[in-house]
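Welcome! Open your viewer, get the selection tool ready, and follow along from stop to stop.

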Amino acid sequence: MYQSPSINEIRQQVVTEAFATASGERSLIFISSFPFICIGTVLKVESDYVFLDIETTYISELEDKVMRIHIDDIDVFYIENGGPSIPKIR
């Protein structure tokens with residue numbers, strides 16, 4: 001018997017696809033567990049992780065580093081993809 005995917009499975013698939021097609025684009029990501037915000041360039045997606053080259057974040061020690069962010073931890077995100085630019089914050 002066919003069982004339709006859950007809303008969480010659909011969300012994970014959509015978010016993963018959004019980041020997978022955004023390699024090289026700048027992104028703004030909100031992660032609630034810290035609370036945390038980071039701006040950086042999407043490098044790649046592996047399984048359910050996005051690798052982000054961090055440009056700006058609240059924790060200056062993480063800037064200019066690559067962070068591996070679990071897709072399920074992302075609450076809100078924006079990818080430039082030709083839309084309005086994310087401001088440069090330093």
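Residues here count as buried under 20% relative accessible area, exposed over 50%, and partly exposed in between (1.4 Å probe, protein chains only). This is a predicted model, where local features need pLDDT of at least 70 and side-chain atom pairs pLDDT 80 or more, while totals for chains, interfaces and linings use all residues. Numbering starts from 1 along each chain as its sequence is written, and side-chain values use heavy atoms, leaving out hydrogens and water.

**First stop: a ring pair**

Select Phe19, which is buried at 1% relative accessibility. Rings of Phe, Tyr and Trp (its six-membered ring) pair if their centres lie within 6.5 Å; planes under 30 degrees apart are stacked, over 60 edge-to-face, and the rest tilted. By this rule there is one aromatic pair. The ring centres of Phe19 and Phe77 are 4.8 Å apart and their planes meet at 45°, so the pair is tilted. Because Phe19 lies in helix H1 and Phe77 in strand S5 (residues 74-79), the pair ties together parts 58 residues apart in sequence. Helices (H or I, at least four residues) and strands (E, at least two) are DSSP runs, numbered from the N terminus.

**Second stop: along the helix**

Next, pick Ile10, in helix H1 (residues 7-20). Ile10 is partly exposed, at 37% relative accessibility.

**Last stop: charges over rings**

A charge sits over a ring if NZ of Lys or CZ of Arg is within 6 Å of the ring centre and within 35 degrees of the ring normal. Select Lys44 and Phe51: Lys44 lies over the ring face, 4.9 Å from its centre. Then try Arg68, whose charged end sits over the ring of Tyr49, 4.4 Å from the centre.
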